[in-house]
Amino acid sequence: MHYLCASMFELNLPAYEVNMTEKDGKRLIFDFLRRKYVALTPEEWVRQHFTHYLVESKGYPQGLLANETQLKIGDKHLRCDTVLYNKAMHPQMIIEYKAPTIQIQQKTFDQIVAYNLLLRADYLVVSNGLQHYCCRMDYEQNSYGFLREIPDYQSIAGT
C-alpha cells in the first residue's frame, strides 16, 4: 500500500510517499535505508520522515546514512537511531528520535552525548518530528553550539 501522508501524526517535516503494509495484524512501514519493512511505531514514523527529509530536501547521500546502528560499551549494547557517515566511513552526525508525544528534555541530550563519547561525530541532532535540535561539536574548544536549522549536506560534507 502507498500513502501520500498516512496521518499517524502530523509532523513538522515534509510529507513523502509512505509505503506501508500489514502483517499478522501489525502495521509496518518500509525503511528505505534498511531496505525492509519495520514495525510502525510513533518513533519509527518520525525516523522515516526525518531520513526522507535529509535525503530529499537536504541532499544527504542515502548510502552514507544508517538506521539502528549498534554500539558496544564493554558488555552493554546501545543503538543509535540514525548515523550519517562521511566518505571515510567515520560517523559525522548522530540523530536521536523520540515520538511526537515525547517532550525533548535534557535526558534525550544526555543519551545522544553518551553515544557520541564513542563516535565523536561532528553533529548531534534530536527530533520528535515537531521540534528539531542540531548542534555542532567543537572538540578543540571542548564545546558545542546549536544551529538554527539542520544543515544541508553540502555545507557539512567537508567537515
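Glutamine 48 has its place in helix 1, in a model that is predicted. With a relative accessibility of 0%, glutamine 48 counts as buried, because buried residues are those under 20%. The side chain of glutamine 48 is joined to that of aspartate 31 by a polar contact of 3.3 Å. Beyond its neighbours within four places in sequence, glutamine 48 is in contact with Tyr16, Ile29, Phe30, Asp31, Phe32, Arg34 and Asn67.

The helix around this residue can be described in the same terms. Helix 1 covers residues 42-56, and at 1.5 Å a residue its 15 residues should span 21 Å, which agrees with the 21 Å that separates its end C-alpha atoms. Of these 15 residues, 11 are buried, so helix 1 is largely enclosed by the rest of the structure. The buried residues run from Glu44, Trp45, Val46 and Arg47 through Gln48, His49, Phe50 and Thr51 to His52, Tyr53 and Leu54.

A separate topic is the largest pocket, which has a volume of about 240 Å³. It is lined by 14 residues, of which Phe109, Val113, Leu124, Met137 and Tyr144 are the closest to its centre. Two or more lining residues come from each of helix 2 (106-119), strand 9 (132-138) and strand 10 (143-147), and helix 2 gives the most, with 7 residues. The lining is divided by class as follows.

| Class of lining residue | Number in the largest pocket |
|---|---|
| Nonpolar | 10 residues |
| Polar | 2 residues |

Methods. Residues numbered from 1 in each chain as written. Predicted model: local features only at pLDDT ≥ 70, side-chain atom pairs only at ≥ 80, totals over all residues. Heavy atoms only, no water. Helix = DSSP H or I, 4+ residues; strand = E, 2+ residues; numbered from the N terminus. Expected span 1.5 Å × (residues − 1). Buried < 20%, exposed > 50% of the residue type's maximum accessible area, 1.4 Å probe, protein only. Polar contact = N/O pair within 3.5 Å; in protein donor to acceptor, adjacent residues only side chain to side chain. Contact = heavy atoms within 4.5 Å. 1 Å grid on protein atoms, 1.4 Å probe; cavity = no way out; pocket = protein on both sides within 12 Å on 5 of 7 lines; lining within 4 Å. Points joined across faces, edges and corners; volume = space filled by probe spheres on them. Nonpolar A, V, L, I, M, F, W, Y, C, P; charged D, E, K, R; others polar.
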